[in-house]
Amino acid sequence: MPATTTRPTASRDEGTVQARTARQQPTNGARRLGNLRHHWWGILLLAAAALVFVVPLFILVTTAFKTNSDIYTWPPKVLPTDLTRDNLTTAWQLAPFGAFIKNSVIVTVVGAVAKVVLAVFTAYAFAFLPFPGKNVLFLVMLGALMVPGHVTLLVNYITIGNMGLINTYAGIILPGVGSAFGTFLLRQHFMSLPTEVFEAAEVDGAGHLRKLGSMVLPMSVPAIATVALVAVIDEWNSFVWPLIITNSVNMRTLPIGLMYLKANDGMVSWGVLMSGTLIVVLPMLLVFLFAQRYIVTGLTGAAAGSGR
Amino acid sequence: MATVAEEHVGVQRTPHPSPPRRHSVLHQRRQRRGAALFALFAFPNLALIAVFAYWPVLENLYLSLTNWDFISPEPIFIGLSNYAQLFTSSTFLDVMVTTVTWVVVVVGASLVLGIALASLFSMKLPGTAAVTGIVFAPHVIAGAAIGAVWLFIFDPNYGLARTLFEAVGLTSPSWTTDASWALPALLIVSIWKGVGFVAIVYLAGMQGLPSEVLEAARLDGANRWRLFTRIVLPLLSPTTFFLVITQTIAAFQAFDIIAIMTGGGPASATTTLSWFIYEQAFQRSNVGYSAAAGTVMFVILMVITMLQFRYVERKVHY
């Protein structure tokens, strides 16, 4: 999987687009003006591209706060005449959004933390601890990246059923906790750390836990953040597995709750559906806003392994 | 399973690293302690991967040879009947046609639009950073949420679709409830969600191109289009290949957008292989039949992944 192997290394030099353009722009303001005059059509295209992606989000946000009389009118109103919270209230009445939010938060936090912890320990083991057949084992683990998640649904449902965990948090979380991609990314990072530091420590007889806690982890914050953020996004947005493995309304996570709301809403009010949607979208948009760099590197790498 | 076997072999084989003879006893003890710690650190994760990624492939293969409804005590072995039924069913043929259409259109359009966006971004015009972020944003949003928003956009009575169609003097179709418009609607949404990711990967690829080569070509008087088709595109072939594979694998498994927008309908107009697998197992309790369809998906994606292995190693570059 050479394409996969190169990705995390390539991303480490932080060649993130945004960072680079942002750094260059202020320095050559003169050229920038020239650019402007030269490339007006480029700017136009850029604006058009932005519009294509902003307009649906704009519709989402405004509709969530529009009254029905603003939504069901023609020609359409771009902005709400009154801001209303009724949609949110109605969404709460039609579906247990409190429970959805609670479930999503629990599943996301516990799932992501467990995934990161397992990935850190596994990566540490593969990077620093001796084990016969370790490299073969590593390849076997990487092989899991090739298994398409959708094909595992049926059997995992049966497995979780046999464990008596259907409709439980453990049932939702457990199959997603094992992490081959995160382990791979962290192991590559750990192995790139300067070994001299560790050798000095080994003379000291520093235990492995201390080595992990006081040296490897502090030196790997960006890599771990990347793995954690990808895990958070995956868990929060996860759809088909929570759909299958839960069967009572009160155990549904937010994305499934949205489908429930839609079915319950009977296509009556777009405002209600949009306010529910906003609750699903907003947290991840905020996370993205503040951690864009890590997320972009992480997700571009994660694509190699269908999110496992 | 494999991991447990490894462990036993491991314990017997450990004590034979040759180096420092003097400290060999110490060294051995250290190795053994290290191996024990390795097991402690790595095996929980490896066990989960074995149980929830590898075991399903094998068990799914077995289930595909049986007839079961989740409820009756045991799956009944029926040989290849499920496959025979799949491959002679006109419904399944339709499903495969829909799936291939989906994959080809989504992957094709995402790549073309993605590289166009990346070219635009690589001009480093003012505002590029913000637009890059905006275009990528849908990739971090739940497909279910995106589906819900577009459901409203496609509303022929009050949605943006009506505005746009009326602007050019047409009447908007009833997208998601019209059998001939539902699939195009979902394709648009799927492309909208995924194209930003493709653009970012292409952009990273473009920034890694050797600037001397591009500069030389420019000095030789190559115009933009020639530069792009003769130099940039061939140099980006590894990126393109990576994207084709990963996007194809993702497109085959598209689910949440279908679930919230059409539920595979109207009739079965948007039933892809991924929806079919879900529907057969979890809405109709045809476990064996669903497993057989799952195996079909597994084999197709395996072949594509193998192609990646072979092709990337041998060729791809320029």
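At what angle do helix H8 (residues 134-143) of chain A and helix H11 (residues 181-192) of chain A pack, and how far apart are their axes?

Modeller: This is a predicted model, in which local features need pLDDT of at least 70 and side-chain atom pairs count only at pLDDT 80 or more, while totals for chains, interfaces and linings use all residues. Residues are numbered from 1 along each chain as its sequence is written, chains are lettered from A in the order in which they are written, and side-chain values use heavy atoms, without hydrogens and water.

H8(A) and H11(A) pack at an angle of about 140°, with axes 10 Å apart; axes are lines fitted to C-alpha atoms over the stretch in contact, and angles run from 0 to 180 degrees between N-to-C directions. The two helices are therefore oblique to each other, a term for angles that are not under 35 degrees (roughly parallel), over 145 (roughly antiparallel) or 65 to 115 (roughly perpendicular).

From H8(A), Asn135(A), Phe138(A), Met141(A) and Leu142(A) meet Thr183(A), Phe184(A), Arg187(A) and Gln188(A) of H11(A), contact meaning heavy atoms within 4.5 Å. These residues divide into four nonpolar, three polar and one charged.

As for the setting, chain A has 17 helices and zero strands, helices being DSSP runs of H or I with at least four residues and strands runs of E with at least two. Of the 308 residues in chain A, 54% are buried, that is, under 20% relative accessible area with a 1.4 Å probe, protein chains only. Among contacts between residues at least 6 apart in sequence, 73% join residues at least 24 apart.

Definitions and conventions. Buried < 20%, exposed > 50% of the residue type's maximum accessible area, 1.4 Å probe, protein only. Nonpolar A, V, L, I, M, F, W, Y, C, P; charged D, E, K, R; others polar.
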